[in-house]
Structures are given as structure tokens and as C-alpha cells.
Amino acid sequence: MKLSALHQSYLNRRSNSFRGPAVDASADGGMKSPAAVFWLALHGLCCLISLVLGFRFSRLVFFLLFSTSATNLYTAPFRPATEVSDVSVSHLSTPVANQALPVNKTTPRVVVGRHGIRIRPWPHPNPVEVMKAHRIIERVQREQRAQFGVKNPRTLIAVTPTYVRTFQTLHLTGVMHSLMLVPYDLVWIVVEAGGTSNETASLIAKSGLRTIHVGYKERMPSSWADRHRLEAKMRLHALKIVREEKLDGIVMFADDSNMHSMELFDEIQNVKWVGALSVGILAHSNNADESSVSAAEKEADNPPIPVQGPACNSSNKLVGWHTFNSLPYVEKSANYIDDWGTVLPRKFEWAGFVVNSRLLWKDYDEKPEWMKDLALVDGVDDMESPLVLMKDTSVVEPLGRCGRQVMLWWLRVEARSDSKFPPGWVIDPPLEITVPSKRTPWPDAPPELPSIDKSISVQEQMVAVKRPPKTRSSRSKRSSRSKRKHEARTVETQVSAKQTEQN
């Protein structure tokens, strides 16, 4: 018996080794439960569907069947609307803020492949909350300036000479908006040539700044050289107002056609007495062949961007001045406002200097000795720059990384002196129609009704035009031919009858 049992086990092992793993799998499969067979068949079905659709369909089915709740599918990356409303209400203290915001509770979802996209409801913003947010941001910016900005900012005194012309509104609006953005206290002194006018007064009143609008007795000339001299006198007149009113701050010369960077107003806060800035000169001729010098000489003499300002050494000490080379533009320069040419700046522009207002006071004890009194330069006909007020120009403080950074640009663009423009750019009465519109929603006058005779004639013409020409068919042709033959026969019979009667 033992031998037979051993022989039977040997035969079973040998047969199993020849069958291979497929027989084992079938033997094991007989022992599996119906649930395992069902899941195996379902997995195979999902594999076939995945081959057709292009993504793993089984994972999506497993995710849908065994997820705890349908609401937790796509809400994990987002915060609930009630939580957001609770947080917003907890930070507010006013009764208006405690009102509940309308939130849509039914949040639709869009499923794209395996990824869910939740469409969140976005209620209309409350204007009270929006203004409160703006005030919070403004408060944060003030705190940042107090901690990291200028510790004890001084008042800025901006001096602007101007006069009524075509481009005054264009230029003065630009400098006005620059001054409105200054975060420090500011006094704007506007000196108008030819006396004060309502156009200038109404324009600077829109700024909301503290302004001093004064007039100057002389009118603005038409030549550029005389205009530069008169503008220097107008600036000196503004400095006298600073001395009489004892305005305390930093005096800057903001011409109405210049362009200023916001960093400029922070930089001039570092000046002690007199500071100098680099000014970018935007002066280019319209004629390409403007001089007989070669391009290499012009590139060596003139930098790509002409700059006027202080020049420093390696230790950031003032050693000289960099002026604008006007030789390539002399022959093509403009002498009058109506000239077609390049407007050249002066050797030193007033806009590139800032002055401590205490230097202008009459009874200031700490005034340095190198500063002149305004009464001594009152009779000077031509003042190129505030350097005339100083006995020693080596004490000037270079600003803007010792003149390496340009934060101010000089430009002179004017219209013709005889150009016409409405006062204050207010169009009253309305403009005339020069190009009529093709279609208007309402006619200026009702259309004229045609009379009865005209309407009848028009209808007849329309009927005549619309009536198509008659085309003769083959049947009509045959009937006309038969009629002609019948008429010819009747004529012949009549002629033959007459001949017989005569015989």
C-alpha cells in the first residue's frame, strides 16, 4: 500500500509539473468566491472600456462606488463659503459689516476627466467693504513709509512758471497729477506771465493742493531766448514769495512741460542746503542730416541720451558738471516758437536744482556764508540757474546716486503762437457738422410725402420696370403663321372674285 501511495504521489507531481501555471490558476480559480470572480470580470470589462476611452475607467468606478459622500469629492482644495463669511465678519466691527452676504448654497461642479472643477459663487462686492479695504491698504502703506521711508519728511515747495497757450492744459495737467501723487505736504506756487487768468485758476483748483497763484506783469515773448530769461525772473519772483511768507521746506522747480519720476520726491528729501540732479534732455532734431560733423564725432561728443547734471569721482564727491552739447544742433535750432527746429536747453536748467527754503529767509541765523541774499541778485537780467545765488558752487550736494540716476526729463514742445483753441478747452456752442453721419437714429425733418399724381406716375414706372418682357412660345409661333396663311388666302379669293365680276 505504501508503495502504491508513493507511486501515485509521484505521478501527481509529474503531471502538475507538465501542466504549468495555467492549471494552477484554474485549480485556484475553482476555489475563489463568486465576488472575486465578479470583480475580476468587472476589472476586465473596465480594461476594455479604458482601451476605448483612453483613460483608466476602473479607477473612476472604484472612486465613485467607495467614496463616503458626493460632497467631499471636489471641495477639499476650496474653503467653504460659510467659513469665508465667518472670517470676514469676525474682523469687522461696524453694524453694516455684520450683515450676511448672499451666498449661493447650490454649488455646481464640472467634471473634466479625472479632475473636478468647482464653480464658486461670487457675490457682488459691498462698496462699504471695498472702501474699508482701501483704507486698510492706505494705512499699511503709511506705516511702511514711516518705518522704512523718510523719517521726518519736509514740506515740498514746487515753483511752476506758466502762461495761457494751446498746450498749457496739456503740460499743466501732467505736472499737476505728478504733484498730486506726492505723499508729503506740498505747496504749489504757480507764477503766470501776463497776470492771472481764469483758465489757469480753474485748472490748478482741480488739484486740491495748497496753491499760491500769482501773476507777473510781463507777457511771455515769442522767442525762446527771451522766454528763458523771463521764466528765470518768474522763478525769482516765486523765491521772494517764499522769503516773505517764510515757507519752510525744500524748493523744487517743476516746469509745466517736464516729466517727473515719483522717486524724485523721495530723493530730494535727503538734501541739506542745495542739491543737484541729473536731467535727461529730450531734444532731437527732425532733420537727420543736421550737421556736417561725422557720426563718430557726434557719438563721442554726445551720449546716446543727453544728460545735464553733476559729475562725481570714484569717492562720490562733486568734481564738475556734465552739460548738454548743443553744437550739433546749433544750425538747426529754433529761435522762435513757430520755427521748425530743435529747442535747446540752457547750460544749467533750474529744474535740476533743489534749495532749502531757509537759505532764502532774511533773518535766518544759521544761514551759511556762501549764500547770497536775494536783494543782491534782484537786478540781474539773466539768471541761468540757482548757482548765481551761491558764492561757492563746490558745496552743492549731488543727488540721485551722485548724478548716475535720471529721475527728471526736460522737454519743450509747443504749438504755433497763432493756433486757435477754445478757452479752457470747453466747447460752447457745439461744433458744426463737417462730415455728416451716414445713418442717424432720428431725422432732422420729417420726410416729404409725395402728391397723388407723383405717386401714380411712380407706381406706373415701377410696374413698367417690374413687368418682364413676353417670350413667344412655339405654339404661339405656329398660330401666328396659320393666321397669316389664312389672311393671304382670303385676300386671294377676294381678288379672284373681283376679276370674274369684271369679265
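In the predicted model, residues 24 or more positions apart account for 72% of those contacts in the chain that have a separation of 6 or more. The chain contains 14 helices and 14 strands. Of its 503 residues, 30% count as buried. The accessible surface of the chain amounts to about 34,700 Å², and carbon and sulfur atoms contribute 57% of this area.

The structure holds 1 disulfide. This link is formed by Cys 312 and Cys 402, whose sulfur atoms lie 1.7 Å apart. The angle about the S-S bond is -105 degrees, and the link of Cys 312 and Cys 402 is left-handed. Cys 402 has a relative accessibility of 8% and counts as buried, because the cut-off for this class is under 20%. For another cysteine, Cys 47, the relative accessibility is 34%, a value that places Cys 47 in the partly exposed class.

A nonpolar patch on the surface is formed by Leu 48, Leu 51, Val 52 and Leu 53. Together, these four residues have about 470 Å² of accessible area. One of them, Leu 51, is found in helix α3, which covers residues 34-53.

Definitions and conventions
Residues are numbered from 1 along each chain as its sequence is written. This is a predicted model: local features need pLDDT of at least 70, side-chain atom pairs count only at pLDDT 80 or more; totals for chains, interfaces and linings use all residues. Side-chain values use heavy atoms; hydrogens and water are left out. Patches are made of residues with over 30% relative accessible area and no salt bridge: like charges are joined within 9 Å, nonpolar side chains (Val, Leu, Ile, Met, Phe, Trp, Tyr) within 5 Å. Accessible areas come from the Shrake-Rupley method with a 1.4 Å probe; for residues, only the protein chains shown count as cover. A salt bridge is a side-chain nitrogen of Lys or Arg within 4 Å of a carboxyl oxygen of Asp or Glu. Helices (H or I, at least four residues) and strands (E, at least two) are DSSP runs, numbered from the N terminus. Buried means under 20% relative accessible area, exposed over 50%, partly exposed in between (1.4 Å probe, protein chains only). Contact means heavy atoms within 4.5 Å. A disulfide is a pair of cysteine sulfur atoms within 2.5 Å.
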